[in-house]
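Colleague: I have a chain open on my screen and would like to go through it with you. Can we start with the whole and then look at single residues?

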Amino acid sequence: PEVKKFMTWDYVVFAALFLVSASIGVFFAVKERKKKTSKEFLVGGKQMTCGPIAFSLTSSFMSAVTVLGTPSEVYRYGASFVLFFLSYTLVIIFTAELFLPVFYRSGITSTYEYLELRFNKIVRLAATLIYILQTILYTGIVVYAPSLALNQVTGFDLWGSVAATGIVCTFYCTLGGLRAVVWTDAFQMIVMVAGFVTVLIRGTSLNGGSTKVWEDAHEGSRLNIFDFDVDPLRRHTFWTIVIGGTFTWLGLYGVNQSTIQRCISCKSEKHAKLALYLNLLGLWTVLVCAVFCGLVMYSYYKSCDPWTAGFISAPDQLMPYFVMDIFSSMPGVPGLFVACAFSGTLSTVAASINALATVTFEDLVKKCFPNLSEKMSTWISKGLCIFYGVLCTSMAAAASLLGGVVQASLSIHGMCGGPMLGLFTLGIVFPCANWKGALGGLLAGISLAFWAGTGSFIYPAPPTKSIPLQLSTLNCTLANTTEALITAAPTVAPERPLLADTWYSLSYLYFSAIGSMGCAITGLLISLITGTSKGEDIPPVLIKPVCNLFCFWSKRLKIFLWCGVQHDSLEMDFEKKLPKVAGNKTRTDNSFENNTNKENNHQIPGYNPEENSYTN
């Protein structure tokens with residue numbers, strides 16, 4: 001049970017990978033130092049290709065939370081987590097075909113800029129504040145997770161490493177530039193997969209081969225993947241993962257500033273879509289690696305669970321403990337794994353801090369102080385980076401109280417991302433929604449999601465709904481924590497409110513669906529009551545006519561469902577928006593009238609359109 005420590009070669013490997021990551025950032029920071037426009041800084045001048053963007057997306061959202069949390073989930077609850085591959089597929093299809101085209105064609109830099117174009121400034125401000133809250137909470141978890149790994153495998157002080165992570169990330173984000181972040185992410189994605197594959201090969205060989213691992217997992221009920229129970233209170237079933245997981249990750253991918261900012265930095269919409277579909281392959285790869293690592297870990301510890309035995313203090317320490325156990329005779333490899341968990345997080349947190357500073361400055365500071373000088377703007381931006389760096393690091397303390405890192409991070413994304421998903425769906429899919437409905441729906445969605453999420457944190461679900469699978473300590477020499485484990489077992493409060501076993505016990509994956517649907521339904525009702533938007537006043541590029549898929553047989557029905565939005569006259573609208581030059585004024589102004597006259601002439605008997613004449 002003694003925890004191994006880092007050796008010299010582990011520090012060398014860890015430092016080398018960290019140095020390469022930082023060097024990529026420094027290289028692009030120096031290379032791009034003369035490009036000071038916000039467009040170059042925020043979206044890379046819209047010259048990025050699909051490859052690095054795909055790697056960057058995968059690396060950013062599959063950081064230490066996945067490396068540490070997913071194998072632990074599979075180890076304790078079984079391989080049903082692999083069903084997320086269906087959720088990821090649906091999410092990427094919806095993002096690439098529904099949300100991305102609207103954002104890309106709108107020519108925006110921030111997703112919240114769309115809300116001002118579609119609704120008004122109040123809706124944009126409300127969404128910006130919610131995004132700031134969501135990102136601070138999530139970044140706190142991402143800072144805490146790798147520090148936990150370092151604490152377990154190296155003996156570093158936990159809170160010392162939390163502070164170090166925050167300081168390094170705050171410094172790194174000042175190097176700036178989307179290009180630096182994207183290429184660093186691409187490198188760290190390779191490191192992450194390499195770390196997983198190394199653990200899989202070594203663990204499988206120690207357990208006697210993949211067949212033995214599969215047999216042990218089957219005997220331990222870890223392969224009961226397809227559970228079609230429709231009970232929404234069950235933690236993980238087929239329906240909670242596929243439906244709830246799709247809503248949760250769609251809020252994270254489809255309308256999240258960090259994702260969309262990367263996609264619209266591509267040189268074309270085709271490259272942006274291709275980046276998302278390539279990223280799907282990356283998501284599948286990391287998910288499969290993480291799930292199999294969990295099964296290999298269970299096979300190795302099936303008769304001596306280190307968590308139940310008290311050798312580690314939290315389930316999320318299982319993976320680093322396992323790595324130090326199987327690689328104790330191979331110096332350097334544990335350093336590779338910790339770099340795998342730590343370096344990806346470094347980039348994710350730095351990007352989050354940078355995005356927070358950018359959103360705060362663009363949407364809040366510049367609105368209040370529009371006449372700031374360039375020098376003062378730079379100093380304020382750097383000050384915001386430092387402020388958010390300190391704030392996100394402080395949030396790591398709260399993350400330690402939230403339980404498993406996977407459930408905590410997905411709960412936060414569900415509670416904040418769900419209502420945001422509902423808000424953007426209102427704007428993009430429903431042309432009849434007005435700004436009052438959007439604002440009212442957003443408040444209703446946030447209230448419902450936080451009500452359910454906070455209630456589930458205060459009153460956890462009954463053990464029958466989320467109990468881990470059987471773990472054995474038969475061959476362990478138990479530590480002195482057995483008594484503490486026994487006394488801590490009855491955690492259910494003696495008095496539970498009426499909603500504790502129903503509403504508060506919902507699976508954490510449904511928080512996003514509750515917030516999203518609550519926002520959309522409330523927004524539509526308020527819009528109908530207060531008077532719907534006039535479709536003629538909404539630029540067609542801001543609306544995605546989804547009804548065209550279902551009403552392809554009837555043009556009249558399609559036009560009715562467009563609610564007045566002129567989707568069939570995009571070219572005409574574009575011409576009207578062009579500046580009127582004296583030379584072509586007559587052609588532009590009279591184009592619609594001439595076209596109409598031509599159409600009417602076609603209907604007059606005897607008219608010959610080729611010769612512009614009539615036959616008597």
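**Going through the model**

Modeller: Residues 24 or more positions apart account for 85% of the contacts in the chain with a separation of 6 or more, where a contact means heavy atoms within 4.5 Å. This is a predicted model, in which local features need pLDDT of at least 70 and side-chain atom pairs count only at pLDDT 80 or more, while totals for chains, interfaces and linings use all residues. Residues are numbered from 1 along each chain as its sequence is written, and side-chain values use heavy atoms, with hydrogens and water left out.

Colleague: How many helices and strands does the chain have?

Modeller: There are 25 helices and 2 strands. Both are DSSP runs numbered from the N terminus: helices are H or I with at least four residues, strands are E with at least two.

Colleague: And what percentage of the residues is buried?

Modeller: Of the 616 residues in the chain, 53% are buried. Buried means under 20% relative accessible area, exposed over 50%, and partly exposed in between, with a 1.4 Å probe and protein chains only.

Colleague: Which residues of helix H6 are buried?

Modeller: H6 covers residues 111–118, and its buried residues are Thr111, Tyr112, Tyr114, Leu115 and Arg118. Down the axis of H6 they fall within an arc of 145°, so they line one face of the helix. The arc is that of the directions from the helix axis to the C-beta atoms.

Colleague: Rings next. How many aromatic pairs are there?

Modeller: The count is 23 aromatic pairs. Rings of Phe, Tyr and Trp (its six-membered ring) pair if their centres lie within 6.5 Å; planes under 30 degrees apart are stacked, over 60 edge-to-face, and the rest tilted. One of the pairs is Tyr112 with Tyr131, which is tilted, at 5.5 Å centre to centre and 45° between the planes.

Colleague: Where do Tyr112 and Tyr131 lie?

Modeller: Tyr112 is in helix H6 and Tyr131 in helix H7 (residues 121–154), so the pair ties together parts that are 19 residues apart in sequence. Both Tyr112 and Tyr131 are buried.

Colleague: What kind of pair do Phe238 and Trp239 make?

Modeller: Their ring centres are 5.0 Å apart and the planes are at 90°, so that pair is edge-to-face. Phe238 is buried at 13% relative accessibility, whereas Trp239 is partly exposed at 31%.

Colleague: Which rings form a cluster?

Modeller: Ring pairs link Phe81, Phe84, Tyr88, Trp249 and Tyr253 into a cluster.

Colleague: Now glycine. Is Gly282 buried or exposed?

Modeller: Gly282 is buried, with a relative accessible area of 11%. Gly282 sits in helix H13, residues 269–300. Apart from its neighbours within four places in sequence, Gly282 is in contact with Thr58 and Met189. Thr58 is 224 residues from Gly282 along the chain, yet their C-alpha atoms are separated by 5.9 Å.

Colleague: What does the side chain of Ser456 reach?

Modeller: The side chain of Ser456 reaches the backbone oxygen of Gly453 at 2.7 Å. Ser456 belongs to helix H18, residues 435–458. Neighbours within four places in sequence aside, Ser456 is in contact with Tyr504 and Phe511.

Colleague: One more serine. Where is Ser221?

Modeller: Ser221 is in the loop between helix H10 (210–219) and helix H11 (238–253). Phi of Ser221 is near 65°, a positive value in a residue other than glycine. With 33% relative accessibility, Ser221 counts as partly exposed.

Conventions
A polar contact is a pair of N or O atoms within 3.5 Å; within protein, one must be able to donate a hydrogen and the other to accept it, and residues adjacent in sequence count only if both atoms are side-chain atoms.
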